Amino acid sequence: LEVDRRPQSNGDLAPIAILSGEGKITTYDDGKIIDFTDGGKHLAVFPASKSQPVHENITPTPKIIGLQRKTLIRLLFVLLVVILGSAIGGGVVGSRAVRQKNKAESLSQPAPSTVQTTVSANIPLPTQAGRYTNTGLAALQWTDLNRTLHKRVYYQDAMNKLRESAWDNSTAPRTPWWINTISNAVKPGTPLAAVAGYPHADYSFPLVKNVYYMTNTNQLFERQAPSNDSQAWKDDNFSGLYRGSNSTFLAAYWNQDFYRQSQQLVVLFQEEGFANGITQGRYTSNSRTSNPWIGDNFGFSQRQGSTFALCPIAKRNGKQIMLYTADRDRKLQQHEYAISEAIVDPGTVIPLTRESATDLIVEPRSPLAIAVQDNQSLYTADTFPECAKKRPLTHLIFYASRDSQRLILSAWNCSTGFSDHTPEIKPLQKPNTTYLALSAVNDRATGKGVIYVMFDPGTGPQIEEWTVPPLAGDPWVTRRTVNTNFK
């Protein structure tokens with residue numbers, strides 16, 4: 001809705017509600033003009049005009065019950081409008097109030113109890129970026145047995161459809177991306193996560209892609225398709241087992257041991273009724289046993305809508321990963337997240353060890369992604385840190401500033417801790433741009449990472465692929481722009 005904030009008068013009697021052909025709503029109530037903006041984001045009250053037209057009684061007219069006939073007709077008409085306006089206006093106010101309350105709860109803030117009485121004349125209306133605020137972004141990358149590189153990026157379009165942009169290098173280095181629709185029943189602003197692997201950790205099966213998202217009823221769903229048929233998407237076993245909190249993030253990790261044909265697949269989220277912690281859904285199997293999904297709750301002290309992400313610690317050893325969370329003070333936390341080898345027992349809880357607290361402030365609902373960088377070649381045998389024997393990879397931590405107008409980059413390794421590297425990505429950042437979502441893809445075999453950045457420069461959302469430099473100090477580059485369809 002567009003809003004006409006100009007007070008209007010209609011002779012000596014103000015209308016209860018006006019709905020113009022352009023969808024502008026102005027309601028008059030108790031001598032005040034109340035305007036509703038799009039989405040119930042602003043509720044403004046203006047004083048109504050008290051001016052009355054001058055009536056000159058040049059020729060007296062007959063009166064009915066003490067009133068002139070025109071006045072009586074007007075009064076009856078206004079009473080009818082009041083009745084209709086109360087029903088319609090009450091529905092509008094109720095709907096807006098519910099939306100405002102739901103939105104406030106999703107941000108862990110109290111719903112407003114009073115109406116704002118002073119409003120600037122230049123209230124910003126929702127922008128293109130505002131439509132995609134809090135939306136998810138997920139990405140996959142794998143090299144098949146024929147050494148063909150495959151890339152997949154997942155996002156939500158303006159019609160709330162879940163889209164896949166796909167690219168393969170099988171024909172030429174500049175092969176264009178193509179776009180698929182993988183689901184229509186998606187919640188606006190859904191979180192996203194994606195993983196890829198071989199069923200039963202067996203190369204004889206075609207690789208499958210799993211995408212996790214939330215429906216309008218806050219149920220978490222898993223869509224799966226074989227990599228050789230991007231039209232064969234279907235719901236898989238995780239679908240409908242859990243309900244996420246209204247503003248949860250999603251993170252997923254799939255570790256496979258092809259020698260033992262064993263695997264561990266975990267999905268992390270904030271669960272409805274347990275939004276101050278993290279719930280883990282976990283699936284395990286080996287060559288003999290396939291276990292059902294098991295849920296475990298981790299009682300972190302964090303806000304609803306706090307961000308979290310997973311990142312490997314070492315190359316090839318996929319059982320050792322790091323979980324990053326934000327506590328109630330918005331400080332970033334590290335947790336060592338060891339996927340248990342005792343996968344025959346589906347009730348085995350993955351141990352979490354508090355690694356360290358940082359001074360990095362990450363706001364709730366801020367996008368967060370962590371890429372890896374292998375800097376082992378910068379050391380000699382004498383200078384190689386002892387701790388790096390188990391944790392050799394550097395973590396590159398991306399998150400948005402409080403106003404989402406820039407990205408912040410911090411690096412961590414086991415020997416020196418955290419350091420700010422934001423100036424290194426300054427050439428890639430754009431002015432007057434809102435950064436909406438992030439996703440990292442890490443190759444455990446090579447220790448190389450890729451960051452996908454979703455942003456809106458004011459003309460609509462776009463997605464870029466940023467290649468992590470081979471070594472610390474090397475320049476960052478934008479490898480390509482992802483072909484997308486947000487319409």
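Q: What makes S15 and strand S16 a pair?
A: Two strands pair if DSSP finds at least two bridges between them. S15 and strand S16 (residues 262–271) are joined by eight bridges in the antiparallel sense, so by the rule of at least two bridges they count as paired. Among the contacts, Asn-255 has Gln-264 of S16 as its bridge partner. Strands are DSSP runs of E with at least two residues, and helices are runs of H or I with at least four, numbered from the N terminus.

This is a predicted model, in which local features need pLDDT of at least 70, side-chain atom pairs count only at pLDDT 80 or more, and totals for chains, interfaces and linings use all residues. Residues are numbered from 1 along each chain as its sequence is written, and side-chain values use heavy atoms, with hydrogens and water left out.

Q: Why is strand S15 called largely enclosed?
A: Buried means under 20% relative accessible area, exposed over 50%, and partly exposed in between (1.4 Å probe, protein chains only). Eight of the eight residues of S15 (residues 250–257) are buried, so the rest of the structure largely encloses the strand. One side carries Leu-250, Ala-252, Trp-254 and Gln-256, the other Ala-251, Tyr-253, Asn-255 and Asp-257, and all are buried.

Q: Why is Arg-147 called exposed?
A: Its relative accessibility is 73%, and exposed means over 50%, so the term applies. Arg-147 lies in the loop between strand S7 (138–143) and strand S8 (149–156).
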